[in-house]
Amino acid sequence: MAGLGVSGTAVARVLAGRGERVVVVEGVEGERQLAAAAELAVHGVETRFGAMTLPEGVTRVVTTGWAPHHPLIAAALSAGVEVVGEVELAWRLRPKQAAPWLALTGTNGKTTAVRMLTSILQADGRKALAVGNVGVPVVQAVAEPYDVLAVELSSFQLHWSGTLAPHAAAILNVAPDHLDWHGSMEEYTAAKGRVYERAGTVIFNADDPETARLAAPYPGAVGFTLRVPKRGEIGVVEDLLVDRAFVSDPVEAAEELATLEDIRPFAPHNVANALAAAALARSLGVPSEAVRQGLRDFVPDPHRLAHVDRVGEVDYIDDSKATNPHAAAAALASYPSVVWVAGGQLKGADVDDLVRQAAPRLRGAVLLGADRARIAEAIARHAPNVPLVDIPDRDTGAMEKVVTEAARLASPGDTVLLSPAGASLDMFANYPARGEAFARAVRELKQRHERER
């Protein structure tokens, strides 16, 4: 077993419970890892810290996301030892009459769409659970008596999954991300495309050329679109979500599923998420009433276009989950007049297209983090008249300066948007910590504003 994370610990526990000899290899000997190792030792699991060598007698390596070039994984592949992911293992361990899987992947929006899907399924009275990259290990859920599993899949998980055959599979979008892990955009895209290989129903974003290309080889693939749907698609007609795919007569018939007012928070990319979730649910026969109720019941996760507060007629939005340019572009397109808070680790991604598209909406920018200079250079090229503030501080307290400067640049009616386009680990423990720091700074700003009134 490679790694002692949440999924790795679940895999080790399940395999030990089946009577298999399990050895966990973990590179970090921290407090959490030591506690997990102690818990697993009770089940007869051995944990080896530090040594990235293949244990003797290993017949299979289960990984929860380690890259093919990792020394341990490379050694296993070189020795002809099978390497599978936690999701692949879960698929193989499914009991007879197992719950069907509705699988979803994409560069951005996966968690939101999977949680929307779960809410829709539950509104239909089905015992459903969101699993996979969303947080609950699949291997932990497959033995439980669920009616259906809503499975969020990352490119890492799909890379190590060779036999998955979900009832239906959807790809939301494909844009450059995790290229350091996959080695190239081609390999990253191919990993995403694996979700379609054995799916019963293929669902794709008809507005995303790369996703449409991946679905092209599959006859009967169902598209979702923000435009008026064609035959065999789910789309938008005025303010309605409309199904022309999962109806008795796709040529003549159409069925209303929900309205745009049922989607929260409202933004074009969130409408696409809702359409994908609806299509997956409809592939399983869920009625339109449950689609609408599920979308109304859905509660968004934190740090995804979360409205923090309004201060002096300026709205402050926490979109810290936008850890790549594609996600930030979707957020920026949701507001007409933005003071943009951005920066962090770009992971090799290019930001020129992002800034070029957003330029007409930008009223100012405040930059922080490791790769802020690259964003500043893109703004200088494509939006040279946009006021820009550089915050060089690298401690977590820098966010107070960021918010203060953003407030100075903003005018009534503007939106101050934290949508960093980069990862957070250069300054924060994770993206939630970055979003929470932003929210605290906004609350402090409001207190100062009220004292001064």
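1. Strand E3 gives the largest share of the lining of the second largest pocket, 3 residues. Strands are DSSP runs of E of at least two residues, helices are runs of H or I of at least four, and both are numbered from the N terminus. The model is predicted: local features need pLDDT of at least 70, side-chain atom pairs count only at pLDDT 80 or more, and totals for chains, interfaces and linings use all residues. Residues are numbered from 1 along each chain as its sequence is written, and side-chain values use heavy atoms, with hydrogens and water left out.

2. The second largest pocket holds about 340 Å³ of space. Its lining has 18 residues, and Met1, Arg21, Val23, Val58 and Arg60 are the closest to the centre. Two or more lining residues come from each of strand E1 (23-26) and strand E3 (60-63). On a 1 Å grid over the protein atoms alone, a pocket is an open set of points with protein on both sides within 12 Å along at least five of seven lines; a cavity is a set where a 1.4 Å probe fits but cannot get out; lining residues have an atom within 4 Å of a point. Grid points are joined across faces, edges and corners, and a volume is the space filled by probe spheres set on the points.

3. What classes of residue make up the lining of the second largest pocket? It divides into 12 nonpolar, 2 polar and 4 charged residues. Here Ala, Val, Leu, Ile, Met, Phe, Trp, Tyr, Cys and Pro are nonpolar, Asp, Glu, Lys and Arg are charged, and the others, Gly among them, are polar.

4. There are 2 cavities of 30 Å³ or more. The largest cavity has about 40 Å³ of space. Its lining is Leu158, Ser161, Gly162, Thr163, Leu164, Arg194, Glu197 and Arg198. By class, that is 2 nonpolar, 3 polar and 3 charged.

5. The second largest cavity has a volume of about 30 Å³. Pro176, Asp177, His178 and Leu179 line it, together with Leu346, Lys347, Gly348 and Ala349. This lining has 4 nonpolar, 2 polar and 2 charged residues.

6. The whole structure has 3 aromatic pairs. Trp91 and Trp101 form an edge-to-face pair, 4.8 Å centre to centre with 80 degrees between the planes. Rings of Phe, Tyr and Trp (its six-membered ring) pair if their centres lie within 6.5 Å; planes under 30 degrees apart are stacked, over 60 edge-to-face, the rest tilted. Trp91 sits in helix H4 (residues 86-92) and Trp101 in strand E5 (residues 101-105), 10 residues apart. Trp91 is buried at 11% relative accessible area. Trp101 is buried at 2%. Buried means under 20%, exposed over 50%, and partly exposed in between (1.4 Å probe, protein chains only).

7. Tyr196 and Tyr218 have ring centres 5.8 Å apart and planes at 65 degrees, so this pair is edge-to-face. Tyr196 lies in the loop between helix H9 (185-193) and strand E9 (201-205), and Tyr218 in the loop between helix H10 (209-215) and strand E10 (222-224), so the pair ties together parts 22 residues apart in sequence. Tyr196 is buried at 0% relative accessibility, whereas Tyr218 is partly exposed at 25%.

8. Arg282 is in helix H11 (residues 268-283). Is Arg282 buried or exposed? Arg282 is buried, at 9% relative accessible area. Not counting residues up to four places away in sequence, Arg282 touches Asp243, Phe246, Val247, Glu255, Leu257, Pro287, Ser288 and Val291. Contact means heavy atoms within 4.5 Å.
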